Amino acid sequence: MLVSLAKDCHNPSMRENATQDSIDAVRLDASRQLDPERKSEFGQFMTPAAIAAFMASLFSATTRTIHLLDAGAGVGSLTNAFLTRFQDSTASVEAWEIDPVLKMVLADTLASHARAGLASTIHNSDFIEDAAWNISMGGGVRFTHAILNPPYRKIKSDSKHRYLLRDVGVETVNLYTAFLALAILLMEEGGEIVAIVPRSFCNGTYYRPFREQLLRSCAIEHIHVFEARNKAFSDDDVLQENIVVKLKKAGAQGEVKVSESHDSTFGDYHERALPFGQIVKDGDAERFIHIPVLAYAGDGAHGLFSHSLKELGIEVCTGPVVDFRLREHCRAVPESGTVPLIYAHHFSDGKLVYPKAHKKPNAILLAEETRKWLMPNGFYVLTKRFSSKEERRRVVAFVIDPSELPAPFYGFENHLNVFHIAKHGMDRETARGLALFLNSTVVDSHFRIFSGHTQVNATDLRQMRYPGHEQLLELGRLVTAETHDQAAIDRLIKEVETRWQSTYSKGARLELFFHHQNISTLAPNALSARSPALGHS
Ligand SMILES: C[S@@+](CC[C@H](N)C(=O)[O-])C[C@H]1O[C@@H](n2cnc3c(N)ncnc32)[C@H](O)[C@@H]1O
């Protein structure tokens, strides 16, 4: 059955895009309703929204017309994430889903994206049959993008699928490699595929013909590993070890980005670029795909991304003062009875310049009506909520030092995020260490991957993980006037991290998790302002 949604495109305001939360609710609801036998037969394990958003963020930014393939689309979590990222592109989507119940939900998901410039087609049919037919007829659609979480099931040697695949030169033993192989054949040159698949194809003699096809036709650009075996699909209790791969059809094979996270929160995400020779060894007839994982301390007790803010007892909120709501209490310059009202522009080169001649006020009256929006004197860490695309770093942090700003209270304007402890300040070293960490390239890389837009929301900061308190203190103690310089910040972070590693690592964990020389190669594709943010509410 074919359901074309293009006709709905004239009235985009009728529907709202499925958000991460809503698509996850749909996914869990659909998953509960599926017949367990059918679920296993068709490999109906759906992708959590956070992973889908991560996958969508891996595609390169593009201005060209998109032809997207989602084969085995389920409720449409992947296409939803893709269309959320490429909201302004002219695009046509073709989704295959064999299950009639899931197809209905998928239709709703696609309909939620209906807009001018977007055409969607759902094929309620067998992708292997349709794709093999298209390919053998020498035509068929050539896609520019494919986003896949294919079904996983053995293909019997005498099955119809096996014959159909063989007809188009695909020799493989599992549905997931069959879907991936067909997707590769259906891609245009330069087309990008991002797929979440079991990692079993990377070795095993049965998968060798598939590996050969993959390596012959595509460049491997990125491999993401979930460190905990069952974390990617924890709702479905899937024990398969899954990886996300990004392939480029007919791409020139360069370095391969290898990233890891413990689970789908990506809170401890880290990555590095490796020479292809470390992934597929020269002269290896089996063409095994190695994924060198790091002896990473990020998930250990002493890593850079080891603690939640909650564990540190620190909170973050958006600056409580919305100036236009308190306009009559704001003052252009400080005067008797006022306290400082701090904006991002009060910081220049990391230093406080206060008061500052500006169209915005510098002070706010300390009065009964304003008191609840103010915070008492102390050390606070502030970050800008909005940065321009041109800005070097996404996260820009400053320390409010009460010795530079003597006043009983401060007003922090709403375009800032404020790190505080129970609405009070914190000790000097923690504040300095935290700001230094936030200003590091490691954190910047983290944000560029997970937050394609230029905003840094308190939610993002709340979800990120941080060094432990001892480490923050150590960083804070080492900060000097010169540590505003990016190289100096990164050097200090690396220095301290190296020390922790050698102090706390056991044997094999000595390898450093971050190679700073690779930092500049991180996620240029994730810079697009349209890339989805993981974990946003
Ligand atoms: C692993 S699930 C992934 C669903 C969705 N892509 C996601 O990420 O949430 C695979 C989907 O493929 C569908 N499927 C299985 N065999 C298929 C086939 N031969 N043709 C089309 N769809 C198929 C299943 O019904 C299931 O919804």
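These legends describe close-up views of one predicted model. Residues are numbered from 1 along each chain as its sequence is written. Local features need pLDDT of at least 70, side-chain atom pairs count only at pLDDT 80 or more, and totals for chains, interfaces and linings use all residues.

**View 1. The whole chain.** The chain holds 16 helices and 23 strands. Helices (H or I, at least four residues) and strands (E, at least two) are DSSP runs, numbered from the N terminus. Of its 537 residues, 47% count as buried. Buried means that 20 or more other C-beta atoms, placed from the backbone, lie within 10 Å of the residue's own. Among contacts between residues at least 6 apart in sequence, 79% join residues at least 24 apart. Two residues are in contact if their C-beta atoms, placed from the backbone, lie within 7 Å.

**View 2. The shell around the ligand.** The ligand is surrounded by 22 residues. The closest are Met-46, Thr-47, Gly-72, Gly-74 and Asn-149. A residue counts here if its C-beta atom, placed from the backbone, lies within 6 Å of the molecule. Helices α4 (77–85) and α6 (127–136) are the elements that give two or more residues to this shell. By class, the shell has 12 nonpolar, seven polar and three charged residues. Ala, Val, Leu, Ile, Met, Phe, Trp, Tyr, Cys and Pro count as nonpolar, Asp, Glu, Lys and Arg as charged, and the others, Gly among them, as polar.

**View 3. Helix α3 against α4.** The axes of α3 (residues 49–57) and α4 come within 8 Å and cross at roughly 50 degrees. Therefore α3 is oblique to α4. Axes are lines fitted to C-alpha atoms, for helices over the stretch in contact, and angles run from 0 to 180 degrees between N-to-C directions. Angles under 35 degrees count as roughly parallel, over 145 as roughly antiparallel, 65 to 115 as roughly perpendicular and the rest as oblique. Contact residues include Ala-49 and Ala-52 of α3, and Leu-78 and Phe-82 of α4. The contact has eight nonpolar, four polar and one charged residues.

**View 4. Helix α8 against α9.** Helices α8 (residues 175–186) and α9 (residues 208–217) pack at about 25 degrees, with axes 11 Å apart. So α8 is roughly parallel to α9. Thr-177, Ala-181 and Ile-184 of α8 meet Phe-210, Gln-213, Leu-214 and Ser-217 of α9. The contact divides into four nonpolar, three polar and no charged residues.

**View 5. Ile-342 in strand β14.** Ile-342 sits in β14 (residues 338–342). Ile-342 is buried because 27 other C-beta atoms lie within 10 Å. Leaving aside neighbours within four places in sequence, Ile-342 contacts Ile-400, Tyr-410, Gly-411, Phe-412 and Glu-413.

Notes
A residue is buried if 20 or more other C-beta atoms lie within 10 Å of its own, exposed if 12 or fewer, and partly exposed in between; C-beta atoms are placed from the backbone.
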